[in-house]
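Tutor: Here is a model to read. Ask what each label rests on, and we will set values against definitions.

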Amino acid sequence: GDLLRDRGADIFRTKGILAIAGSPKKCVFQGVHMIFNSALGGEWAEGEPRESRLVFIGKNLQHEELRAGFSACLATPQLD
């Protein structure tokens with residue numbers, strides 16, 4: 001997406017855990033300004049909710065804009 005291009009100077013720090021469709025492992029990411037890294041972490045524990053959690057630290061960030069952008073990336077079941 002365009003998040004880093006459009007808002008990179010306003011994003012000081014990012015971190016989170018992503019639930020990747022089809023992967024039994026957590027995707028752990030972190031970043032500073034426009035530089036970020038991700039790696040697969042441990043597996044989701046039995047009974048643990050598989051949900052992505054994101055944290056942004058910065059200025060002039062619009063909560064709903066961030067939520068909408070990431071919601072558009074969510075995997076959904078295919079319709080037949």
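Student: Which residue in β4 is the bridge partner of Lys-15?

Tutor: Val-55 in β4 is the partner of Lys-15. Before we go on, this is a predicted model: local features need pLDDT of at least 70, side-chain atom pairs count only at pLDDT 80 or more, and totals for chains, interfaces and linings use all residues. Residues are numbered from 1 along each chain as its sequence is written, and side-chain values use heavy atoms, with hydrogens and water left out.

Student: What makes β1 and β4 a pair?

Tutor: Two strands pair if DSSP finds at least two bridges between them. β1 (residues 11–19) and β4 (residues 53–58) have 6 bridges, in the antiparallel sense. Therefore β1 and β4 count as a pair.

Student: How many bridges join β1 and β2?

Tutor: There are 7, again antiparallel, with β2 covering residues 25–32. One example is Thr-14, whose partner in β2 is Gly-31. The hairpin of β1 and β2 has 5 residues between the strands. In this hairpin, Gly-22 takes a positive phi near 85°.

Student: And how do β2 and β3 pair?

Tutor: β2 and β3 are antiparallel, over 7 bridges. Phe-29 has Ser-38 in β3 as its partner, and Val-28 has Ala-39. The β2–β3 hairpin has 2 residues between its strands, and His-33 in the turn has a positive phi of about 50°.

Student: What is the strand order of the open sheet?

Tutor: The order is β3-β2-β1-β4, with antiparallel pairing.

Student: Why are β3 and β4 called edge strands?

Tutor: β3 (35–43) and β4 each have a single partner strand, so one side of each is left without a neighbour in the sheet. The twist averages 10° from one strand to the next. That angle, from 0 to 180 degrees, runs between N-to-C directions of lines fitted to C-alpha atoms.

Student: How many helices and strands does the chain have?

Tutor: The protein chain has 2 helices and 4 strands. Along the sequence the pattern is α-β-β-β-β-α.

Student: Why is Ile-11 called buried?

Tutor: Buried means under 20% relative accessible area, exposed over 50%, partly exposed in between (1.4 Å probe, protein chains only). Ile-11 is at 0%, so Ile-11 counts as buried. Ile-11 lies in β1. Across the chain of 80 residues, 15% count as buried.

Student: Which residues touch Ile-11, leaving out those up to four places away in sequence?

Tutor: They are Leu-3, Leu-4, His-33, Phe-56, Ile-57, Gly-58 and Leu-61. Contact here means heavy atoms within 4.5 Å.

Student: How far apart in space are Ile-11 and Glu-46?

Tutor: They are 34 Å apart, C-alpha to C-alpha, and 35 residues apart in sequence.

Student: What share of contacts joins residues at least 24 apart?

Tutor: The share is 47%, taken among contacts between residues at least 6 apart in sequence.

Student: What are the spans of the C-alpha trace along its principal axes?

Tutor: The spans are about 35 × 30 × 15 Å.
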